Amino acid sequence: MMKIFDTYTAICKYAVCLGVAVVPMLTSCSDDDEKVPSREIVQIDIYQAEGASLHTTSQYKLTYDGRGRLSTIRTDQNSQEGNFTHGTSNISYRWEGNDPEDGLFVNRFEAELRGGKVQVGSANYSSGTTSRTFNYAYYYNNRGYITDATFGGEQSFSYQWGKQTLVIQGRPSGYDAEYAYNTSVQNNYSIDLNLLPLFVDPRPDIMLAMNVYGQLAGVLGSKYPTMLEDVDYSYRYQFDGEGRLVQIIQQPASLVPDKQNTYWFLITYAEE
């Protein structure tokens, strides 16, 4: 793994090749050597290239309860907000916003927890005059990773885990994906940072189909301990002086730079 300065230099050179500006990241050092730096993520800013500069596509703000569990997610994108309620053996969350085409929408999820993981639950999607409710179920292997998920008989997903790889097959098709994992970049933060590419995935309703918010809450099985490696996209990682990820660059895996489909994810941590 490159040191932070080498990594930052590589990112700068990469951005210059794309003809865009690099968003500067400031690092700081604590006078208290024994103080453990926070890994609680409170904000994610997503940038995309526009001409010779970057512009913000969306911003997500996160809060947690007294036990470090995800409590709320707010985004400026369509004024969306998610609220999580954690029980002893259940979890519920409500996601609502204002869609430019469909108007106000509300998605509600209720689920039973067994061993801290969602097993079965129900969901309701409502938008305008349309409303539908269905049941869903998740299945896991002995390592705690999702192996199958079913949604009301209409849709299902199969998760095939290999050595540092994951293949997802959706039925009906359209949500298939293939991932590989980098063995040296750790994914040990308050949320699963491997979910960030889904935030900019152009496929319709991908966030709902993959239940990304449930995954962010950490109740859909184990998260992979290391970060994504190059498959359909290449990833570049930048760290602060504490060794924490502060910037991720996602670029299509192509020999020809594609700045319009390149995204920068900037990560902010809770104050220590």
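Biologist: Which strand does S3 pair with over 4 bridges, and in what sense?
Modeller: In this predicted model, S3 pairs with strand S4, residues 80-86, in the antiparallel sense.

Biologist: Which residue in S4 stands opposite Arg-74?
Modeller: Glu-81 stands there.

Biologist: Which residue in the turn of the S2 and S3 hairpin has a positive phi?
Modeller: Gly-68, at about 80°. This hairpin has 5 residues between its strands.

Biologist: Switching to charges. How many salt bridges are there?
Modeller: The count comes to 8. One of them joins the side chains of Asp-65 and Arg-69, at 2.8 Å from N to O.

Biologist: How accessible are Asp-65 and Arg-69?
Modeller: Asp-65 has a relative accessible area of 25%, so it is partly exposed. Arg-69 is also at 25% and partly exposed.

Biologist: What is the N to O distance for Glu-112 and Arg-114?
Modeller: Their side chains meet in a salt bridge at 3.5 Å. Glu-112 is partly exposed at 39% relative accessibility, and Arg-114 is partly exposed at 48%.

Biologist: Which residue does Arg-203 bridge to?
Modeller: Asp-201, with the closest N and O atoms 2.8 Å apart. Arg-203 has a relative accessible area of 21%; the cut-off for buried is under 20%, so Arg-203 counts as partly exposed.

Key:
Residues are numbered from 1 along each chain as its sequence is written. This is a predicted model: local features need pLDDT of at least 70, side-chain atom pairs count only at pLDDT 80 or more; totals for chains, interfaces and linings use all residues. Side-chain values use heavy atoms; hydrogens and water are left out. Two strands pair if DSSP finds at least two bridges between them. Helices (H or I, at least four residues) and strands (E, at least two) are DSSP runs, numbered from the N terminus. A salt bridge is a side-chain nitrogen of Lys or Arg within 4 Å of a carboxyl oxygen of Asp or Glu. Buried means under 20% relative accessible area, exposed over 50%, partly exposed in between (1.4 Å probe, protein chains only).
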